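Thanks for coming. I will take a few minutes to walk through one structure, starting with the whole chain and ending with single residues.

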Amino acid sequence: MTRSDGYLLDNRQSEAAERFDAFARLFDPTTFRHLEGFGVGAGWRCWEVGAGGTSVVSWLAKKVGPTGKVVATDIDTSLLAAAARPPVDVRVHDVGAEEPPGEGFDLVHARLVLVHVPDRERALRSMIAALRPGGRLLIEDADPALQPLVCPDEHGPEQRLANRLRQGFRQLLADRGADLSYGRRLPRLLREAGLRQVEADAYFPLASPACAALESATIRQIRGRLVDAGLATDEDIENHLANVAAGGMDLATAPMISAWGRRAA
């Protein structure tokens, strides 16, 4: 995958804001729990990689206060405009292809980013290089291959259709270079990169209204791609969206694996 191939889930599409809102409802509590554990506070310098939406950026800005700084980067910053005021510095940046937007960060965080980045190794090296001695890195990424179903309880035709469309979504991601088993490797990769005190955990939401909102927005966003690739018909998609809206299915996401460590002092 190269940048010219186009990101499957473009921030400029109308459904992107819905997806980021669902991500915030699903995953912010886990992310904030880890960041609280690091002691993020006044004066910290933080780099939020592939920020997308504003929920984590805004939370960090409140924590670091006027004496700190939050550099929020993404290849498309269209949804970050609302957060672009001190102490937040919003920049267009490709973590897999460009040098870090600074150094000496107390915290570098990326959520649901690296699985989509073609040069993940370079991106990870870049984020670690940007840390100050003793600084913290938190990487949170999905592992769709670990749990590939949107309906783990596949007990009827609605669930089978949902899982078939999820398989199509995974195929589209793989075709664009996404690593669908990246999340599980994060602890090892952080240790091999020289980080200390590496730990990890995973969160797997199931049967949440936010899961349904995320599924609906995602399918609507990739609808044309699924049809063009012969992975679904318009009728399939209309039926699935109606099933999701009816609220009778237990919908899941891929597990999000959080891994963290500290750069040697």
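What follows is a short tour of this model, which is predicted.

Start with the overall build. The protein chain has 7 helices and 7 strands. Read along the sequence, they follow the pattern α-β-α-β-β-β-α-β-α-α-β-α-α-β. The radius of gyration is 18 Å, close to the 18 Å that the globule rule gives for 265 residues, so the chain is as compact as a globular protein of that length. Along the principal axes, the C-alpha trace spans about 55 × 35 × 35 Å. Of the 265 residues, 54% are buried. Take the contacts with a separation of 6 or more: 75% of those are between residues 24 or more positions apart.

Now the inside. In soluble globular proteins, nonpolar side chains tend to be buried together. Here the largest nonpolar core has 26 residues, and the ones that touch the most other members are Trp47, Val108, Leu114, Leu124, Met127, Leu137 and Ile139. Which elements give two or more residues to this core? They are strand S1, residues 45–49, strand S4, residues 105–111, helix H3, residues 120–129, strand S5, residues 131–142, and helix H5, residues 186–192. H3 gives the most, with 4 residues.

Leaving aside neighbours within four places in sequence, Val108 is in contact with Trp47, Val49, Met127, Leu131, Arg136, Leu137 and Leu138.

On the spacing, an α-helix has 3.6 residues a turn, so residues three or four places apart point the same way.

How many of the lining residues are nonpolar, polar and charged? The lining has 4 nonpolar, no polar and 6 charged residues.

Next, some backbone details. Most residues other than glycine have a negative phi, and most peptide bonds are trans. There are exceptions to show you. The peptide bond from Pro86 to Pro87 is cis, with omega near 10°. Pro87 lies in the loop between strand S2, residues 69–74, and strand S3, residues 88–92.

Leu112 is not a glycine, yet has a positive phi of about 55°. Leu112 is found in the loop between S4 and H3. Is Leu112 buried or exposed? With a relative accessible area of 18%, Leu112 is buried, because the cut-off for buried is under 20%.

Ala207 has a positive phi too, of about 60°, and is not a glycine either. Ala207 sits in the loop between strand S6, residues 196–203, and helix H6, residues 209–228. At 47% relative accessibility, Ala207 counts as partly exposed.

Arg45 lies in strand S1 and, at 29% relative accessibility, counts as partly exposed. Leaving aside neighbours within four places, Arg45 is in contact with Lys69, Glu103, Gly104, Phe105, Asp106 and Leu107. Arg45 and Val64 are 19 residues apart along the chain, and their C-alpha atoms are separated by 7.5 Å.

Arg170 is in helix H4, residues 157–175. Arg170 is partly exposed, with a relative accessible area of 21%. Not counting residues up to four places away in sequence, Arg170 touches Pro144, Ala145, Pro148 and Leu180. The C-alpha atoms of Arg170 and Leu60, 110 residues apart along the chain, are separated by 32 Å.

That is the end of the tour.

Key:
Residues numbered from 1 in each chain as written. Predicted model: local features only at pLDDT ≥ 70, side-chain atom pairs only at ≥ 80, totals over all residues. Heavy atoms only, no water. Core = buried A, V, L, I, M, F, W, Y, C linked by side-chain atoms within 4.5 Å. Buried < 20%, exposed > 50% of the residue type's maximum accessible area, 1.4 Å probe, protein only. Contact = heavy atoms within 4.5 Å. Nonpolar A, V, L, I, M, F, W, Y, C, P; charged D, E, K, R; others polar. Rg over C-alpha atoms; globule rule 2.2 N^0.38 Å.
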